[in-house]
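Please open the structure in your viewer and keep the selection tool at hand.

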Amino acid sequence: MNGKKHEPKKNIFYGLMHFFKSDNKQKNNISEHVQHFTIMDFPRVIMLEILSRLPIKSIFLCYDYYSCRRNRPIVLSHKFHLPPGELPLRVVSSCNGLLCLVNGRIRDENHSIYINNPLLGEYFKLRLPEWKKSLCPLTYRFRVSESSEQYKGLRCAVMFGDIRDVVELEILTLGVDEKWRYVGIVPRPVCFFYEKIYVNGAIHWMDCENPSSVVRINSFNIATEEAKTLPTPPGLENSTSSWTLAELGNCLCLIDIIAFDPFDIWWMKEYGIAESWIKDRIHGNGIPAAIRCVTLAPFIIWKDGEMLMQTDSDGIRLVSYSRKQNKYRRVKVYGNGSARSIYIPTFYSLKTVMGDNFQVSYVYPKIEIA
């Protein structure tokens, strides 16, 4: 959520820390029972309610301090609590610690879509839009409106035409809408399965109306539910098929994925301003032969400027690049997969998103207070 909403939550954290840090003189004024009472002694449902109001960083700081004071470790399980499914679940989108999961093939009529907080084991099964034989579903997206703080599901389906194919968009506002709403048609993306570029409150993609022509960037604003075209960098020489979109450092970027050494990254420093595009050139002469590949696609840039990139090899293969040292190194990936998604866990309850009129389910039995 936005920064303003986190301000009162910090007070809870500081209150807990103040309790832990109370000196002996203050503790003598309270009973022996209260002296040794900590957050870990609360019923689980109350503890989760407290933790859901804190930023994840503050939670770990609190746990770390508590662990040191009590001289015993606290282990947070890394296990994800996912909804039950007959087929393997796939992540199609993530937002603020919540996942959008698909069970089954999207192009099959009987697939299922879930919104899930894997840390808390909460999930909600979305009601699917009306199935139309004239449409071929592409994918789903899940985002939050930064102005209204409402979470929305976005469904994209191809509508085939005699002259050109377009994408039909439908929206479902979680906790508000009972049915999907039709919001219009947009140009068909080059590859909507992999483009998940979210910048400045909008989803972005390049259309494939003519892949051999110059690049054209489209956007769909989650809050206003309006689509528009954005200006591209001046003098681009390659066609649409040579470029990919990315979000790096909160900037919309165009990356030349065909030219490897060197390859160019265009940064839109001021969103929507054509004159703000800046070209950056990265050389690949520092990459070891063992991890050399045809293309590298950056998708994360850390605070120190180091970039995390995905290669063109089978499965997930990641490479980290240090601009300061001009060095590349392979990043070990655990497990199998064919796509990557950025995810930061949260204790923010899905029940808060859905409200009282929609029933949230739980992977494990929910504990209630009598």
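Does Ala 274 count as buried, partly exposed or exposed? Select Ala 274: at 30% relative accessibility, this residue counts as partly exposed, where buried means under 20% relative accessible area, exposed over 50%, and partly exposed in between (1.4 Å probe, protein chains only). Ala 274 lies in the loop between strand S15 (263-268) and strand S16 (277-282). Helices (H or I, at least four residues) and strands (E, at least two) are DSSP runs, numbered from the N terminus.

Residues are numbered from 1 along each chain as its sequence is written, and side-chain values use heavy atoms, with hydrogens and water left out.

Next, select Arg 155, which is found in strand S6 (residues 151-159). Arg 155 counts as buried, at 3% relative accessibility. Display Glu 170 as well: its side chain makes a polar contact with the side chain of Arg 155 (2.7 Å).

Finally, colour the chain by pLDDT, the predictor's confidence in each residue, from 0 to 100. The chain averages 75, and 65% of the residues score at least 70. Confidence is highest in strand S4 (residues 122-126), at a mean of 94, and lowest in helix H1 (residues 3-21), at 43. Where pLDDT is low, the predicted coordinates should not be read in detail.

Notes. Predicted model: local features only at pLDDT ≥ 70, side-chain atom pairs only at ≥ 80, totals over all residues. Polar contact = N/O pair within 3.5 Å; in protein donor to acceptor, adjacent residues only side chain to side chain.
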